[in-house]
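Try each task yourself before you read the solution.

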Amino acid sequence: VFGSKIEYTSVPWSSVICFGVQTAGKHFDLDCEALIWTEIMYDPGSGEDDPDTPGMSHLELDFNKDMVDILSIKRYLTARCMKGEVAPGVKIPTNLIAAGPVETGLERWISKWGGDQIAIDADQVNADLHNSPQILRDDESVIMAYKAGRDITCFTNMRVLMCDVKGLSGQKVEYVSVPYRSIRAFKAESAGSWDRDSEIGLYTNNHWNMSKVGLDFRKGKADVVAIQKFIAAIILQNHEDLVRFTDQTGKPIVQTNTSSAMGGFMDWLVDFSWAGDVGAVDAQLHSNPSILLSDERVLKVWKENRDMWVYTTKRVLHVDVKGFSGKKIAYKSVPYDWICGFAIETAGHLDIDAEVFLYNDYPRNARDMQKILVKSGDIFVMHEFMTDQVSYPEVDRSEMFYYS
């Protein structure tokens, strides 16, 4: 009643996973918002009448639009929450992926309302976001840009930036940033025979609505293989692959349609005479589709029905074949650095397989399970392998994303 009881809550910048702002609309909208997602657990409810609430996992701070410059707060959050994701001296040219052809008529209407993105001119988006409004840092560049309706998704050298235009006037815009350092796993999924879109999935360790960021792309209008490889090169710290892009500056190096390459993996998988041939899988995933990085090698391969578990020098790659035709394939990558623990379970008396469990640092899928037929492999060999990869990392990841 007297206001003498005051609660002071602090969130260290190191706990911030994603951030953003939302500008005020044109009519009857007096507030703008700052949005912060953290690694703190949400407040669980006790049942249907007491649902879960975001708590400290997602913070929304309202400001009077006439008293506060919300874009200045956006720039401040950018300065506090992000540092260079790429080491100084590593130059990545913009516009790596050619802009897709302009859609018209029904095709344009379906893409707009279906949320399917197509490639657009990254140089133009880069110029716009450095001027009006000034969203990007001075040392930040847009590498790839995609558009669905009025909304734009950008991949810069520091983050994934999503611009969501709302309302009829278009003055209410939400800018959400996902720094690459916050991504714990990522997935590229090709379009199936009857699908219109392919997908990129980004997994963070936020416990609320940013635990997975799903980005849909129009089939044939965006190269999800190239996007996956770009994300992998930054997160897995392959600067050589990023530098190679500079050799192609001035011309698009990636075609806008590689769905046949991703789908073609299924044809190879079905015809493959399985014998645990690491070399064959390594060659395939370096060529068609080109999922792996140049300095990455396959160490172990396990087949599970139509799916495959591929253990490389940098990550665990799960190849998940979906649908009757098998043309829809998801390639999900979990870097070893974000695998917090693992376990094995030997086969029982009547079992035919043993299991490997991987415990990950993202709540959307905190545990992965792989089955190994007893006659196909020694489960204790996998235990020794995971011990080497997870328990004795070669690089301290805490220093990998931060440069003075």
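**Exercise 1. Find how many salt bridges the structure holds, then examine the one between aspartate 361 and arginine 184.**

Step 1. A salt bridge here is a side-chain nitrogen of Lys or Arg within 4 Å of a carboxyl oxygen of Asp or Glu. By this rule the structure holds twelve salt bridges.

Step 2. This is a predicted model, in which local features need pLDDT of at least 70 and side-chain atom pairs count only at pLDDT 80 or more, while totals for chains, interfaces and linings use all residues. Residues are numbered from 1 along each chain as its sequence is written, and side-chain values use heavy atoms, with hydrogens and water left out.

Step 3. The side chains of aspartate 361 and arginine 184 meet at 2.9 Å, N to O. Aspartate 361 sits in the loop between β17 (353-360) and β18 (367-373) and arginine 184 in strand β9 (residues 183-189), so this pair ties together parts 177 residues apart in sequence. (Strands are DSSP runs of E, at least two residues, and helices are runs of H or I, at least four, numbered from the N terminus.)

Step 4. Buried means under 20% relative accessible area, exposed over 50%, and partly exposed in between, with a 1.4 Å probe and protein chains only. Arginine 184 is buried because its value is 8%, and aspartate 361 is partly exposed because its value is 23%.

**Exercise 2. Decide whether lysine 166 and glutamate 174, partners in a salt bridge, are buried or partly exposed.**

Step 1. Their side chains meet at 3.5 Å, N to O.

Step 2. Lysine 166 has a relative accessible area of 27%, so it is partly exposed. Glutamate 174 has 17%, so it is buried.

**Exercise 3. Describe the largest nonpolar core.**

Step 1. A nonpolar core is a set of buried Ala, Val, Leu, Ile, Met, Phe, Trp, Tyr and Cys residues joined through side-chain atoms within 4.5 Å. The largest one has 35 residues, and Phe155, Ile200 and Phe217 have the most contacts inside it.

Step 2. Helix α4 (residues 224-235) gives the most to this core, with eight residues.

Step 3. A second, separate core has 19 residues, including Val334 and Ile372.
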